[in-house]
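Here is a short briefing to read with the model open beside you. Take a look at the fold first, then come back for the details.

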Amino acid sequence: MGVVVRWWNRKPGERVEWLLEPLVKVGPLRFGMNPGEVASALGGTVAHVSQGLGSGIGWGYYTDWGVTAVYGEDNGLVAVAINAMDGPLVRLRDIDLIARVPSEVRADIQDLALREGLSVRVNWSGDPEVEAWGVSMGAAQEQGLSPEGYTQRSDTMISNALLVGPELAKDPFGSEPVIGWRDVRDEPPNTGAWPVKAEQERRCWNWTPLESVGPLRFGMKPQEVATALNEQPTTRHGRYPFGTSWEGLGQWILREDRFDRVGVTAHYSSGYNWPPTLGAVTIHGRTGPQVEFEGIRLIGMTVSAVDAALIQHIEERDLGLVVGCGGDLGADGLNMYVRASRAGDTVVSEARFCQAQWEDHG
């Protein structure tokens, strides 16, 4: 087999419980603390993954706690992100916010907000957000343990949260410095509904590894992709060559086109004075065409079942198993990864098909 990925996955009884005092503090972390004070409040722990700490705007992920702290221009704490799998179990009034079924948390938040006369809106991910509490909910795929003791993907989502101070409460994910930590502006916004297309309503596409999927051939130009799909892109995403500090300067480089009617995203290889060509295709789990691999249906299925079938196929033929970002599984040499797409409280399978030179980064 290839790479083995492990996730922390603390059980509820092994996790600390924190109280949220809206817009003021969560557990021992008070908004306005500097990185040193946060580290001290967390028992002297260090941020194992960090960017810009001590230099103004920055963030740090405290692995031992399952917490990300985001700091503003004055090095003051402005946001705390709680990991679904191993973060503290945060409580607001009589509501447990973390590691629960997302729809149940939503119902509890709506009920509490109604009792307190507050409004609840839907954030970019389709989850509840309450400005008066500085709470923006989210969800992540739950991980479980395999019989061999390794972490594996499950078919359910569990709740996480971004908790912010007063200066970010109006728009938590749309504000700096949160954007510097996690920029979701290119993510397709969700209304809070996750319809899944029935199997009989899906097109069936063929796949030739490293060459093509359905009518799309790797190396196509963007207009050729749109013509082949008989659809213009719903959204286009790209970047400027000099990074965010030089936004707007230089030639804009197309990165991907999303086609919502067909249910695919086209990813392009491109660069400065290097015209974009098709390098990978993601078929959306909820709405995309069906593709099979050795009799295994890859799209819109139960993720754990696809993983099990894929692993069995690989083991029976003594092939290599490749693990991509987020635990996505694929057979060695094919540059195809089975991914997970949220469908409310659960997930369904989707897949990314890539050309030989493409490196999958999530």
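Which residues does Leu-278 touch, not counting residues up to four places away in sequence? Leu-278 touches Leu-216, Arg-217, Phe-218, Gly-219, Met-220, Val-225, Ala-266, His-267, Tyr-268 and Gln-355, where a contact means heavy atoms within 4.5 Å.

This is a predicted model, in which local features need pLDDT of at least 70 and side-chain atom pairs count only at pLDDT 80 or more, while totals for chains, interfaces and linings use all residues. Residues are numbered from 1 along each chain as its sequence is written, and side-chain values use heavy atoms, with hydrogens and water left out.

**Confidence**
- The chain has a mean pLDDT of 90, and 90% of its residues reach 70 or more; pLDDT is the predictor's confidence in each residue, from 0 to 100.
- Residues 1-8 have a pLDDT below 50, and this stretch makes 17 contacts in the model beyond near neighbours in sequence.

**Nonpolar cores**
- A nonpolar core is a set of buried Ala, Val, Leu, Ile, Met, Phe, Trp, Tyr and Cys residues joined through side-chain atoms within 4.5 Å.
- Buried means under 20% relative accessible area, exposed over 50%, and partly exposed in between (1.4 Å probe, protein chains only).
- The largest core has 35 residues, and Leu-278 is among those with the most contacts inside it, as are Trp-205 and Phe-353.
- Apart from that one lies another core, of 32 residues, including Trp-18, Leu-20, Leu-112 and Val-135.

**Helix H4**
- Helices (H or I, at least four residues) and strands (E, at least two) are DSSP runs, numbered from the N terminus.
- In helix H4 (residues 222-229), the buried residues are Pro-222, Val-225, Ala-226 and Leu-229.
- These residues lie on the same side of H4 because they cover an arc of only 95° around the axis, taken from the directions from the helix axis to the C-beta atoms.

**Strands**
- Two strands pair if DSSP finds at least two bridges between them.
- Strands S15, S16 and S17 make an open sheet in the order S15-S16-S17, with antiparallel pairing.
- At the edges are S15 (207-208) and S17 (216-217), each pairing on one side only.
- Thr-208 has Ser-212 of S16 as its bridge partner.
- Elsewhere, S6 (residues 67-71) and S7 run antiparallel and are joined by five bridges, with Ala-69 opposite Val-80.
- This hairpin has five residues between its strands, and Asn-75 in the turn has a positive phi of about 65°.
- Six of the six residues of S7 (residues 77-82) are buried.
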